[in-house]
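Biologist: I'm new to this one. Please walk me through the model.

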Amino acid sequence: MKKNIYKILAIVLFAALLAGQMQTTVYAKTLSTKEKNVYRSALEDILDNSTKFYYPTFVLADIDNDGKKEVVVGYNSDVSGSSACACGLVLNYENAKLVKSEYGSFASGYVNGYFITEGTTPVGGEKTSYYKITSKGKLQLAACTTSTYTDGDSYQLNKKETTKKKFDQYIKKNKLNKTAKKLEFRDLTQSALDEVFPKKESSKSAKAKAAFQKYIDKKSYLSDVEDYVTLDEYAFVDVNNDGVVEMIMRETFITDYLYAYVNGKVKFVGQMDHSANASGKYCNKKGIIYESAYRQSAYYYFNGKTLKLRAEENNGSYYVNGKETTWEKFDAAVGELRKNASFHKIDDLSWTSLAS
C-alpha cells in the first residue's frame with residue numbers, strides 16, 4: 001500500500017514540474033494546422049515590424065467560448081514603453097481568414113465570453129472596457145466605465161452614454177461581475193513561436209541537422225575561417241523556405257557564416273559581415289539575407305545551393321549583382337528585394353554555444 005502511495009505522489013510531483021514547461025505548447029494543440037500556420041505568420045509579421053510594435057507579447061485563449069482559441073497580442077506604440085501607449089490586437093481565424101481587431105490599454109482577462117481591457121485616461125482617470133467577439137471575428141465594444149477625479153464616473157453601453165443603474169444591470173445580467181480569467185502573456189520571440197507553433201520537420205531537414213552536428217563535432221568548420229577567427233555559436237534555419245534547414249555559425253560581433261546541406265553533404269556557402277551591435281535579418285519567403293555595418297549594407301540571395309550578393313552599399317559606392325551602379329538603380333533593386341518581404345532577426349534564432 002505504501003509503495004502505491006509513494007508512486008502516486010511521485011507521479012503528481014513529476015506532473016507538477018512538467019506543467020510549467022507544457023503550458024505554452026498545450027494551448028495550441030486544439031488549433032488546426034491551417035490556424036497554426038495563419039497565426040504564426042501573423043505573429044512573425046508583428047515580431048519583424050519593430051517600428052510599430054515595441055515589446056510585443058502574446059497569449060492564446062478561447063475568449064468567446066466557441067471552442068476555438070484567439071491570439072491576443074500586447075505591445076507598446078512607443079519605444080519608451082510608456083503605459084499610456086499600451087496597445088494590442090486580437091487575432092481571430094474566422095470564415096477561413098485572419099481577422100484583426102485593435103484595442104487600447106491593457107488586456108486584463110476575459111469572463112463569460114467578454115474580453116476585458118483596463119487602463120488610464122489622459123487626465124489620470126481609470127477606464128475598464130468589455131468587448132464581445134462578433135460572428136465575423138471582430139471585437140465589438142459592449143460596455144465601458146470611466147472614472148476621473150474631476151468629472152466623476154461615466155458609463156456606456158454599445159458606445160452610448162447610460163446610467164450607473166443600467167450599466168450595473170448589464171454587468172449583472174451578463175455575469176461580468178464574476179472573477180475573470182487572467183491572460184498569461186509571454187514575450188513574442190522567434191523561439192517562443194517555434195515552441196507554441198512548431199513547424200513539422202521534414203526527413204531531409206532531420207538529415208541536414210544530423211550532418212551539421214557531425215560537422216560541428218569533428219570541428220570541420222575550423223577550416224572555413226581564418227586562424228584568428230573564433231566561432232561562438234550556431235543555429236538552424238530554413239533560409240529559403242524549401243523545407244530543408246541551413247546552419248548559420250557566427251563570430252558574434254563580426255561575421256555570420258552560412259552552411260547548406262547539398263547532395264547529402266555539408267557545404268560552406270559564404271560569409272556575411274555585420275556590425276558589432278546586432279546580426280542581420282532574413283526573409284525565408286524570398287531567400288534573402290540582409291546584413292549591415294557602419295556605412296555598409298548588403299542583400300544576399302540564397303537559392304538552396306549558393307549565396308549570391310545581389311545589392312551592396314559600401315562607403316558611398318553602390319553595386320547591383322557585383323557591378324557598380326548609381327544610387328537610383330541600387331535603390332530600385334533594394335526596393336524589389338524588399339517588396340512584400342517580412343524579415344526575421346537572425347539574433348532571434350535559437351542559438352547553441354560552441355564552447356566545449
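**Helices, sheets and turns**

Biologist: Which residues of α2 are buried?
Modeller: In α2, the buried ones are Glu35, Val38, Tyr39, Arg40, Ala42, Leu43, Glu44, Ile46, Leu47 and Asp48. Buried means under 20% relative accessible area, exposed means over 50%, and partly exposed lies in between (1.4 Å probe, protein chains only). Helices (H or I, at least four residues) and strands (E, at least two) are DSSP runs, numbered from the N terminus.

Biologist: What should I know about the model itself?
Modeller: This is a predicted model, where local features need pLDDT of at least 70, side-chain atom pairs count only at pLDDT 80 or more, and totals for chains, interfaces and linings use all residues. Residues are numbered from 1 along each chain as its sequence is written, and side-chain values use heavy atoms, with hydrogens and water left out.

Biologist: What pLDDT does the protein average?
Modeller: The average is 86, and 89% of the residues score at least 70. pLDDT is the predictor's confidence in each residue, from 0 to 100. Over residues 1-25 the pLDDT is below 50. Beyond near neighbours in sequence, that stretch has six contacts in the model. Contact means heavy atoms within 4.5 Å.

Biologist: Back to α2. What covers its buried residues?
Modeller: The cover includes β1 (54-61), β2 (70-76), β3 (86-94), β4 (97-104), α4 (190-196) and β23 (344-345).

Biologist: How many residues does α2 have?
Modeller: Helix α2 (residues 33-48) has 16 residues. From first C-alpha to last, α2 reaches 22 Å, close to the 22 Å expected at 1.5 Å a residue. The expected span is 1.5 Å times one less than the number of residues.

Biologist: In what order do the strands of the sheet with β4 and β12 run?
Modeller: The order is β4-β3-β2-β1-β12, five strands in an open sheet with antiparallel pairing. Two strands pair if DSSP finds at least two bridges between them. At the edges stand β4 and β12 (186-187), each with a single partner strand, so one side of each has no neighbour in the sheet.

Biologist: How many bridges join β3 to β4?
Modeller: Eight, and the two strands run antiparallel. Gly88 has Tyr103 in β4 as its bridge partner. Helix α2 packs on this sheet, touching β1, β2, β3 and β4. Its direction makes about 155° with that of β3. Axes are lines fitted to C-alpha atoms, for helices over the stretch in contact, and angles run from 0 to 180 degrees between N-to-C directions.

Biologist: How is β13 joined to β24?
Modeller: Two bridges join β13 (residues 233-237) to β24, antiparallel. Glu233 stands opposite Ser353 in β24.

Biologist: Which residues of α5 are buried?
Modeller: Ser205, Ala208, Ala211, Phe212, Tyr215 and Ile216. Seen down the axis of α5, they fall within an arc of 140°, so they line one face of the helix. The arc is that of the directions from the helix axis to the C-beta atoms. The face turned away carries the exposed residues Ser203, Lys207, Lys214 and Asp217.

Biologist: New topic. Where are the hairpins?
Modeller: β20 (residues 307-314) and β21 (residues 317-320) form one, with two residues between them, and pair antiparallel over four bridges. In its turn, Asn315 has a positive phi of about 50°. β21 and β22 form a hairpin with two residues between the strands, where Asn321 takes a positive phi near 55°. Most residues other than glycine have a negative phi.

Biologist: Where does Tyr55 lie?
Modeller: In strand β1. Tyr55 has a positive phi of about 50° although it is not a glycine. At 52% relative accessibility, Tyr55 counts as exposed.
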